[in-house]
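Work through the exercises below with the structure open. Each task is followed by its solution in steps.

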Amino acid sequence: MIQYLLKSADFSGLFKFISPSFFKVVSPKVVFQIASEIRRNQSDVKAWERIQTQLSQNLEKAGLDVSLGASADRVQGAKGSSPVSLTAQELGHKTLELFFFQILTQDVWVVDLRTAAFERTHGSVLWRPKSYYFKLSPEFLEGVRSLYRGFYTGDDALFDRALKMLKMDPARDSFKKHFGLGDQTSVAFKLKVFQDTFTEIFDACAKAKNTLPGDFFVLGVMLVALYERLETLDVMFNVRSCFDSVMQRKEIS
């Protein structure tokens, strides 16, 4: 199923980090349906152009310094622009902001946050993702957004409601571990740690006989890509400041 989704892309090396416990709690049939839709989306060139244009406009309105697709060509070709080398930490922080922006504001997620999808040439981030995208259900979006808001704002009641909404409340402690201990201002990202933590999460949900929303597969793909990107940069990141920065954008209520 995963190979069906990824045989024409370069994700295959990353998918070993998706927990083998995943299919204990998410229906393989549902995952196959989602994977099939993502593959179909790849063949719709006009839809992909619309999605890139809309997302690029939304990023610009929010003031995020990320150039997507065709807009990246305009940045590279801008007259008088002088190359500015971003540090690894700056590149990671911009990637985290992009991740949080999609989670908090977009109903269609472009999941390709791999290192290979970015170009390190100018002061802004040039993002050229492959056309892997999916429209999430309103119920799943509400749950995931509440989960992130609840954790990073310290609203435990909202965090717990979100876990119940997503049917992941048996894994509360493991989810806290996933988000990180301390104040999340100096966080290292390791794919193996990600895999181990989510194995705990899925095992806890399986023990409680909870079936998770299929859209969790899409979040998992994007998280694996994000972790690969940040692990490759090999520095510590202020995740909390990235979340707060996105939350302060005027487009986010």
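**Exercise 1.** Find what covers the buried residues of helix 10.

Solution. The model is a predicted one.
- The cover includes helix 2 (22-25), helix 9 (172-179) and helix 11.
- The buried residues of helix 10 are Leu191, Phe194, Gln195, Thr197, Phe198, Ile201, Phe202 and Cys205.
- An α-helix has 3.6 residues a turn, so residues three or four places apart point the same way.

**Exercise 2.** Compare the span of helix 10 with the expected value, and state what follows the helix.

Solution.
- Helix 10 has 17 residues.
- From first C-alpha to last, helix 10 reaches 24 Å, close to the 24 Å expected at 1.5 Å a residue.
- After helix 10 comes Lys209, with a positive phi near 60 degrees.

**Exercise 3.** Classify the ring pair of Phe194 and Tyr227, and say which parts the pair ties together.

Solution.
- Over the whole structure, a search finds 29 aromatic pairs.
- For Phe194 and Tyr227, the ring centres are 4.8 Å apart and the planes are at 45 degrees, so this pair is tilted.
- Phe194 belongs to helix 10 (residues 191-207) and Tyr227 to helix 11 (residues 216-233), so the pair ties together parts 33 residues apart in sequence.
- Buried means under 20% relative accessible area. Phe194, at 5%, is therefore buried, and Tyr227, at 8%, is buried too.

**Exercise 4.** Which rings have Lys176 and Arg229 over them?

Solution.
- Lys176 lies over the face of Phe159, 4.7 Å from the ring centre.
- Arg229 has its charged end over the ring of Phe118, at 4.1 Å from the centre.

Conventions: Residues numbered from 1 in each chain as written. Predicted model: local features only at pLDDT ≥ 70, side-chain atom pairs only at ≥ 80, totals over all residues. Heavy atoms only, no water. Phe/Tyr/Trp six-rings, centres within 6.5 Å; stacked < 30°, edge-to-face > 60°. Helix = DSSP H or I, 4+ residues; strand = E, 2+ residues; numbered from the N terminus. Buried < 20%, exposed > 50% of the residue type's maximum accessible area, 1.4 Å probe, protein only. Lys NZ or Arg CZ within 6 Å of the ring centre and 35° of its normal. Expected span 1.5 Å × (residues − 1). Contact = heavy atoms within 4.5 Å.
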